[in-house]
Amino acid sequence: MFKRELAKRNKLLGIRRERAHPKFSPVTIAMLIVLILYVASLFLLFFWAVLTAFKDPLLDFRTNTYGFPVEWVWNFSYVFTQFVVHVSTETRVGVVGMAEMYLYSFLYAGGSAFFNTLVPCITAYLCARFKYKFSRVMHTTVLITMVIPVVGSLPAEIRMAQSLGLYDQIWGMWILKANFLGMYFLVFYNIFKALPASYTEAAKIDGAGNMSVLLRIALPLVRNTFFTVFLIYFIQYWNDYQTPLIYLPSYPTIAQGMYTVSVTPTQEMSYVPMRLAAAILMLVPILVIFLIFQKRLLGNLTVGGIKG
Amino acid sequence: MDESRITKADIPVTEDGVQPSSSGGDKREFHLKGSQKDMIFYVCMIAGAVIQFAVCYVWVNVSSFIMAFQNINVATGDISWTFGNFGDIFVELSWPNFWTMTKNSVLAWLLSLVVSIPLGLLFSYYIYKKMPGSIFFRAVLFMPSIVSAIVMVTMFRYFVTSAMPDLMNDLFGVSMPNVLDPATGHAFGTVMFYSIWVGFGTSVLMYSNGMSGIDPELVDAVHIDGANGIREFWHISLPLVFPTLSVFLITGVASIFVNQINLYSFYGGTAHASVQTFGYYLYMATKQADGDYGSYPRLAAFGLILTAVAIPLTLFVRWLLEKFGPSED
């Protein structure tokens, strides 16, 4: 093949394998300019939002929408106490504060992310290591559902959740999210498939059962990927307000609270500095997670082609 | 699991000096027992995933299909069968609104195809070539993906509607309208700009990770042959990252029918008809139904119509990419 011939030719010519030092070309210079403008626009927005969150909503922001605050005001304490969602469902009537919303967010995002990572991981292990026909059926199912789009099944899903008692329950959301479908099944599948048979066979000969092999050998081997996928899902569910808005009316998450506050014009939280302070309070935990785990999040997860 | 090579002689002796019994010591029987254990373990472990799939995917989609032909009387709970939902949804939407929605949904997809994907690929190429600041740029490009849409939209909305007009007026004496007000005619363009602006994260990450797997010898060879950066990008990077790109292109077709272009975050349930997309309408209408089963069949019928278009279109794009897409050779 072409690649092998090239490698042979390079070897003969004594060309080293290391990538050459990067050189600027018209394309990369243009890209650099676009990227600098992109970063500047993004940082400008964040910077403006932080400055505005420290402004007095009545005395300062009305006449000074883009400058530094005339007087730095700590709006966050006020926002923390006033950031509330009024809940009125069949099972619950009352007011939910920000602290409680954080708790619901952690429960919803943490549980959903855990089960949405665990189920594809275990299913991928079973499909990759147990060569039954059903394993191939499961693998094909994942590929088909990735390619075949289904639109507009939300009303049917709501009815199903209500009829099974999953509706308006955080644990119900964990079950709804605990599917094996999607890209990360393939990520885990490829890892388990590449695992030499001797790893598990040796343990089995030593008397280990299937569960021991799974818990003591297979899962520890994919713990890094498992944690990365978990983090990606955690961030996704933490930020998701549309699912809780429909499925968790009694347990508003922080994202749902942010949405409710942003579309409710009849309270003091409608002032721009207050809303931006609330946005920053919601942003902080996820930004901390990103800064701590950014190498892991930006790691080496790749998607291959979809082949049925 | 391949256990055909394991014989009784391979079974290690325990600490007590006893070789574990294989129920009679017969090799065939040992195999049977092992495979039975495997089968039991397999069934027990996979059952949960299969049940979840059967209920939350198969049942839901079959119910959605059936629901499209139902007429539900909310007061009595009676269900009758009808094809009327397919006509009713267009009456409810009105044809002009439906065409506006179609235009917006297709335009959103085309813009992502023409602007987001090429820019994403070029950004990825810059990062892959390890040009100055590439690690920093990769992190910053990914940042909007970790920030909640509602937070980003809140910041963006107030910036373009309060700070920007004042800034434009003070600096250039230009009066800037509220670009998110549909009456100005700029709302859809502004929302699309926002969606593209925050949408590079995952694709750039995947493309650049895919490009990092390209054999350096191949790149060296084309440079020796006199190729410049543009030719390297076109003839090496792009074909080799094509499997990743094709995933985004194939799954992107479905986005015509599900992409909300962040309209719900901008406008809640009150986005003007001139900016709506299919994805927004389906979510907004389901949310606004708020448990009113009577309106669900019309939405299910609309979803069925869109699915009937989305499936062949997706398969067609997949076929096109396989037929005419570049190969690694």
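1. Helices α13(A) and α14(A) are roughly antiparallel to each other (angles over 145 degrees count as such). Their axes come within 10 Å and cross at roughly 170 degrees; axes are lines fitted to C-alpha atoms over the stretch in contact, with angles from 0 to 180 degrees between N-to-C directions. Helix α13 covers residues 254–263 and α14 covers residues 272–297 of chain A. Helices are DSSP runs (H or I, at least four residues), strands likewise (E, at least two), numbered from the N terminus.

2. From α13(A), the contact uses I254(A), A255(A), M258(A), V261(A) and S262(A). From α14(A) come R275(A), A278(A), A279(A) and M282(A). Contact means C-beta atoms, placed from the backbone, within 7 Å.

3. This is a predicted model: local features need pLDDT of at least 70, side-chain atom pairs 80 or more, while totals for chains, interfaces and linings use all residues. Residues are numbered from 1 along each chain as written, with chains lettered from A and ligands numbered from 1 in written order.

4. Chain A also has a strand pair. β1(A) (residues 85–88) and β2(A) (residues 93–96) run antiparallel over 4 bridges; pairing needs at least two DSSP bridges. A hairpin through 4 residues joins β1(A) to β2(A). V85(A) has V96(A) as its bridge partner.

5. The contact between the chains takes 85 residues from chain A and 96 residues from chain B. On the chain A side, helix α2 (residues 26–53) gives the most, with 10 residues.

6. Chain B holds 13 helices and 2 strands. Within chain B, residues 24 or more positions apart make 64% of the contacts with a separation of 6 or more.

How values were computed:
Two residues are in contact if their C-beta atoms, placed from the backbone, lie within 7 Å. Angles under 35 degrees count as roughly parallel, over 145 as roughly antiparallel, 65 to 115 as roughly perpendicular and the rest as oblique.
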